[in-house]
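Please open the model in your viewer and keep the sequence panel beside it. The tour below names what to select at each stop and then describes what is found there.

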Amino acid sequence: MTDLRSADLDNLAERTGIRVEFYDPLGTRYGFPTFPYHCAPDGLATVRQLRAAGLRPAGQTPVAQIYWRHRKNRRVAYLYRLDLAAPKRTATPAQREAIAKALRARRTCRVCEQVKPYYIPRRYGECLDCHEGNPS
């Protein structure tokens with residue numbers, strides 16, 4: 001992962017004189033290797049892309065970033081090396097059971113003690129049927 005340059009983006013600047021704003025593979029402008037949206041080099045992926053592939057960063061630090069504009073703000077996504085990524089960990093049966101109990105508690109009304117098919121709104125602290133019965 002020493003050379004992060006993109007031949008296409010380098011040639012664009014040479015051919016047309018157009019400098020891509022967020023293209024800085026050496027990190028001189030932004031202090032970190034930076035690429036425009038949809039122009040990340042092969043072998044690098046964002047956390048979301050790693051998750052979709054069943055991987056996790058495994059404690060590695062980001063090696064590059066993607067910058068883009070969203071409305072008037074700059075957005076950033078960090079890039080991690082695919083060859084250092086590890087498989088996602090799976091929850092143990094005890095963890096899955098604890099998660100199921102917690103989610104069931106979020107669907108149980110404190111007033112009527114019924115389990116609803118939706119999460120109880122925190123602003124009411126009771127199911128919608130009980131809330132409608134108690135006008136406040």
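Contact, in this tour, means heavy atoms within 4.5 Å. The model is a predicted one, in which local features need pLDDT of at least 70 and side-chain atom pairs count only at pLDDT 80 or more, while totals for chains, interfaces and linings use all residues. Residues are numbered from 1 along each chain as its sequence is written, and side-chain values use heavy atoms, with hydrogens and water left out.

**The whole chain**

Begin by colouring the chain by secondary structure. Helices (H or I, at least four residues) and strands (E, at least two) are DSSP runs, numbered from the N terminus. The chain has four helices and six strands, and from the N terminus on the elements follow the order α-β-β-α-β-β-β-β-α-α. Of the 136 residues in the chain, 27% are buried; buried means under 20% relative accessible area, exposed over 50%, and partly exposed in between (1.4 Å probe, protein chains only). Among the contacts with a separation of 6 or more, 45% are between residues 24 or more positions apart.

**The sheet**

Next, select strands S1 (34-36) and S2 (44-45) together with S4 (64-70) and S5 (73-81). Two strands pair if DSSP finds at least two bridges between them. Strands of a sheet pair through backbone hydrogen bonds, either parallel or antiparallel. Here, an open sheet of four strands has the order S1-S4-S5-S2, and its pairing is mixed. S1 and S2 stand at the edges with a single partner strand each, so one side of each has no neighbour in the sheet.

Follow the pairs across the sheet:

- S1 and S4 run parallel and are joined by three bridges; Pro36 stands opposite Tyr67 in S4.
- S4 and S5 run antiparallel and are joined by seven bridges; Tyr67 has Val76 in S5 as its bridge partner.
- S5 and S2 pair in the antiparallel sense over two bridges; Leu44 stands opposite Arg81 in S5.

Most residues other than glycine have a negative phi. Select His38, in the loop between S1 and S2. Its phi is near 65 degrees, a positive value in a residue other than glycine. Is His38 buried or exposed? His38 is exposed, with a relative accessible area of 70%.

Now move to Ala58, in the loop between strand S3 (55-56) and S4. Ala58 also has a positive phi, of about 60 degrees, although it is not a glycine. At 37% relative accessibility, Ala58 is partly exposed.

**The nonpolar core**

Show the side chains of Leu4, Tyr23, Phe35, Leu44, Ala64, Ile66, Ala77 and Leu79, the eight residues of the largest nonpolar core. S4 and S5 are the elements that give two or more residues to this core. A nonpolar core is a set of buried Ala, Val, Leu, Ile, Met, Phe, Trp, Tyr and Cys residues joined through side-chain atoms within 4.5 Å. In soluble globular proteins, nonpolar side chains tend to be buried together.

**Leu82 and its neighbours**

Step along to Leu82, in the loop between S5 and strand S6 (86-87). Leu82 is partly exposed, with a relative accessible area of 37%. Which residues does Leu82 contact, leaving aside its neighbours within four places in sequence? They are Gly43, Leu44, Ala45, Leu50 and Leu55. Leu55 lies 27 residues from Leu82 along the chain, yet their C-alpha atoms are separated by 8.6 Å.

**The largest pocket**

Finally, select Tyr37, Thr46, Gln49, Ile66 and Ala77, which lie nearest the centre of the largest pocket among its 15 lining residues. A pocket is an open set of points on a 1 Å grid over the protein atoms alone, where a 1.4 Å probe fits, with protein on both sides within 12 Å along at least five of seven lines; lining residues have an atom within 4 Å of a point. S5 gives the largest share of the lining, four residues.
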